[in-house]
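Good morning, and thank you for coming.

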Amino acid sequence: MGKFIAIDGLDGSGKGTQSEKLVEYLKSTGKRVRVLSFPMYENESSAFVKMYLEGKLGDKPSDTNAYTASMFFACDRYISYKTDWKKDIDDPDTIVVANRYTTANAVHQLSKLPENDWEDFLSWLWDFEFGKLGLPAPDKVVYLELPPRLSLSLVRSRSESTGQKMDIHEKDTEYMAKCYDAALYSCKKLGWEQIKCYDGDTIRTREDIFDEILARLEM
């Protein structure tokens with residue numbers, strides 16, 4: 001287990017739930033933990049991200065190219081890192097758990113490009129965020145795999161029950177299908193811990209998924 005863990009997955013895959021469960025578990029073992037959730041919608045740093053996701057730059061994800069959109073999300077991480085959570089990363093006794101991270105760009109923005117450009121984009125992204133911007137790279141990435149047919153069903157149910165508006169990613173079924181393919185590629189290419197969160201058309205229980213997360217993180 002590293003001290004910086006990122007949990008990612010398509011919308012509706014349970015990233016927030018599993019991040020919270022991991023934080024609770026770590027605290028119960030006496031660890032000092034900081035939890036992060038990106039984008040940081042409550043902060044000024046996410047201004048460009050919100051404009052993009054709300055459709056103010058175009059109704060479709062493809063209206064903003066992969067590199068430009070990646071910079072919006074990267075800026076949110078950079079500003080929040082410099083003004084807030086750098087101290088937690090620098091503290092050797094603190095474990096940082098992130099719900100989404102650069103990993104989300106490696107899925108959502110990668111999917112906008114032709115497949116023969118995917119390797120180059122990942123190289124650019126890793127160099128841009130971890131090299132040029134100097135953001136910390138996660139020690140471990142857990143990817144919650146959930147196919148679009150299940151992911152979108154959960155997102156729509158959440159939107160109907162809570163009144164939360166779907167963003168331009170969630171509204172575009174073709175785009176989400178491409179994101180799923182990009183995620184599988186990134187898992188293999190970057191060595192993420194890929195956890196299958198379903199069995200056929202049935203979603204595994206939160207507890208079952210969490211037990212596998214602990215096993216993969218060797219806790």
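There are 19 salt bridges in this model, where a salt bridge is a side-chain nitrogen of Lys or Arg within 4 Å of a carboxyl oxygen of Asp or Glu. The model is predicted, so local features need pLDDT of at least 70 and side-chain atom pairs count only at pLDDT 80 or more, while totals for chains, interfaces and linings use all residues. Residues are numbered from 1 along each chain as its sequence is written, and side-chain values use heavy atoms, with hydrogens and water left out.

Glu129 forms a salt bridge with Arg77, with the closest N and O atoms 2.8 Å apart. This pair links distant parts of the chain, Glu129 being in helix H5 (residues 118–132) and Arg77 in helix H3 (residues 66–90), 52 residues apart. Helices (H or I, at least four residues) and strands (E, at least two) are DSSP runs, numbered from the N terminus. Both Glu129 and Arg77 are buried; buried means under 20% relative accessible area, exposed over 50%, and partly exposed in between, with a 1.4 Å probe and protein chains only.

By contrast, Lys56 and Glu54 are both exposed, and their salt bridge has its closest N and O atoms 3.4 Å apart.

Lys140 counts as partly exposed because its relative accessibility is 24%. Both residues belong to a network of salt bridges that also links Arg204, Asp208, Glu212 and Arg216.

Next, helix H9 (206–216). Which residues of H9 are buried? They are Ile209, Phe210, Ile213 and Leu214. These residues lie on the same side of H9, because they cover an arc of only 140 degrees around the axis, the arc being that of the directions from the helix axis to the C-beta atoms. In general, an α-helix has 3.6 residues a turn, so residues three or four places apart point the same way. The face turned away from the buried side of H9 carries the exposed residues Asp211 and Ala215. The buried residues of H9 pack against H1, E4 and strand E5 (193–196), contact meaning heavy atoms within 4.5 Å. Just after H9, Glu218 takes a positive phi of about 60 degrees.

I turn now to H1. Its buried residues are Lys15, Gln18, Ser19, Leu22, Val23 and Leu26. They cover an arc of only 140 degrees around the axis, which puts them on the same side of H1. Glu20, Glu24 and Ser28, on the other side of H1, are exposed. Among the partners of the buried residues of H1 are strand E1 (4–9), strand E2 (32–37) and strand E3 (94–99). Gly30, which follows H1, has a positive phi near 90 degrees.

Finally, Tyr101, in the loop between E3 and helix H4 (102–108). Is this residue, Tyr101, buried or exposed? Tyr101 counts as buried because its relative accessibility is 0%. Not counting residues up to four places away in sequence, Tyr101 touches several residues, including Phe4, Asp8, Trp85 and Arg77. Arg77 is also the salt-bridge partner of Glu129.
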